[in-house]
Amino acid sequence: MIDVILPELPERELALLSEEAPQPSGPRLAGRVVLGGPVAAPVTADLVGPDPELLDFLRTEADNAVYHLLHLSVTCARDAPDPALHSVNLDLSLTAEPVRRGTAAFQPVAWSMTPHQLTAGVTAPAPAAHLGPRLGFQDGAGTAYGERVCLEARRELRSDPGWEIRHTSGARIGGTYRLAMVVRAPRGAVSRAAVAVGATVREGHTLHRFREELEEPLHLAALQ
């Protein structure tokens, strides 16, 4: 196992426009959610070198696939006016295009994600993530029976992964949530990660939905 230090991330304040048409006169979410990243770095032999098993795994995969560490964060205002955030979703779309015409390329997938689940409010960003066998994140203890999950990784091992943050009776959405992913992508292709953030607020029995997509996808790599 190796420790991966989570880097400082450039942040941007999201406008999060309503998905309703026409635009409602109700709640506005501008300024209530800040996105950190995305930032990506290749998983190299130097990175995994301290763990012989991880180094062997990377070498075994070298002819067909490359791996990237993808880092993001979501910061939600704690002192925002009501209505409170009911949920926040961070969604990614992973794609790959061959460098050479006529060459097939499989689509990248979220090989591993962290955190898988959280059951309490996050008070501070974790300083590091832990990569175990086959480049899988090690989250530690699982969820106990009956606990309400306030953050959950979604659609691991697919090209449309993401995380959902949920308001629960024991954890109001607020503070910074650090997120990381190992992406498995085809060697010899240009891979990208498009990012979108959605949020909902509830007024009475009405759920209002908001969303923003980053204009430019993150370029992962073009490896020969």
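Predicted model: local features only at pLDDT ≥ 70, side-chain atom pairs only at ≥ 80, totals over all residues.
Reader: Which backbone nitrogen does a side-chain oxygen of Asp-51 reach at the start of α2?

Author: Residues are numbered from 1 along each chain as its sequence is written, and side-chain values use heavy atoms, with hydrogens and water left out. A polar contact is a pair of N or O atoms within 3.5 Å; within protein, one must be able to donate a hydrogen and the other to accept it, and residues adjacent in sequence count only if both atoms are side-chain atoms. Here the oxygen of Asp-51 comes to within 3.0 Å of the backbone nitrogen of Glu-53.

Reader: Which residues of α2 are buried?

Author: Helices (H or I, at least four residues) and strands (E, at least two) are DSSP runs, numbered from the N terminus, and α2 spans residues 52–61. Buried means under 20% relative accessible area, exposed over 50%, and partly exposed in between (1.4 Å probe, protein chains only). By that cut-off, the buried set is Leu-54, Leu-55, Phe-57, Leu-58 and Glu-61.

Reader: Why do the buried residues of α2 line one face of the helix, and what is their arc?

Author: The arc is that of the directions from the helix axis to the C-beta atoms. On the other side of α2, the exposed residues are Pro-52, Glu-53, Arg-59 and Thr-60. The buried residues line one face because, seen down the axis of α2, they fall within an arc of 160°.

Reader: At about what angle does α2 run to β5?

Author: Among what covers the buried residues of α2 are β1, β5, β7 and β12, where contact means heavy atoms within 4.5 Å. Axes are lines fitted to C-alpha atoms, for helices over the stretch in contact, and angles run from 0 to 180 degrees between N-to-C directions. α2 lies across β5, β7 and β12, and its angle to β5 is about 115°.

Reader: Which strands stand at the edges of the open sheet of five strands?

Author: Two strands pair if DSSP finds at least two bridges between them. The order is β2-β4-β5-β12-β7, with antiparallel pairing. Each edge strand has a single partner, so one side of each is left without a neighbour in the sheet; these are β2 and β7.

Reader: Which residues touch the most other members of the largest nonpolar core?

Author: A nonpolar core is a set of buried Ala, Val, Leu, Ile, Met, Phe, Trp, Tyr and Cys residues joined through side-chain atoms within 4.5 Å. The largest has 34 residues. Its members with the most core neighbours are Leu-85, Val-88, Leu-90, Trp-163 and Met-181.

Reader: How many residues make up the second, separate core?

Author: Not counting residues up to four places away in sequence, Leu-85 touches, among others, Leu-29, Val-33, Cys-76 and Ile-173. The second core is separate and includes Val-4, Leu-6, Ala-65 and Ala-180; its residues number 18.

Reader: How far apart in space are Leu-118 and Arg-148, C-alpha to C-alpha?

Author: Leu-118 sits in strand β8 and counts as partly exposed, at 25% relative accessibility. Beyond four places in sequence, the contacts of Leu-118 are Arg-148, Val-149, Cys-150 and Leu-151. Arg-148 is 30 residues from Leu-118 in sequence, and the C-alpha separation is 8.7 Å.
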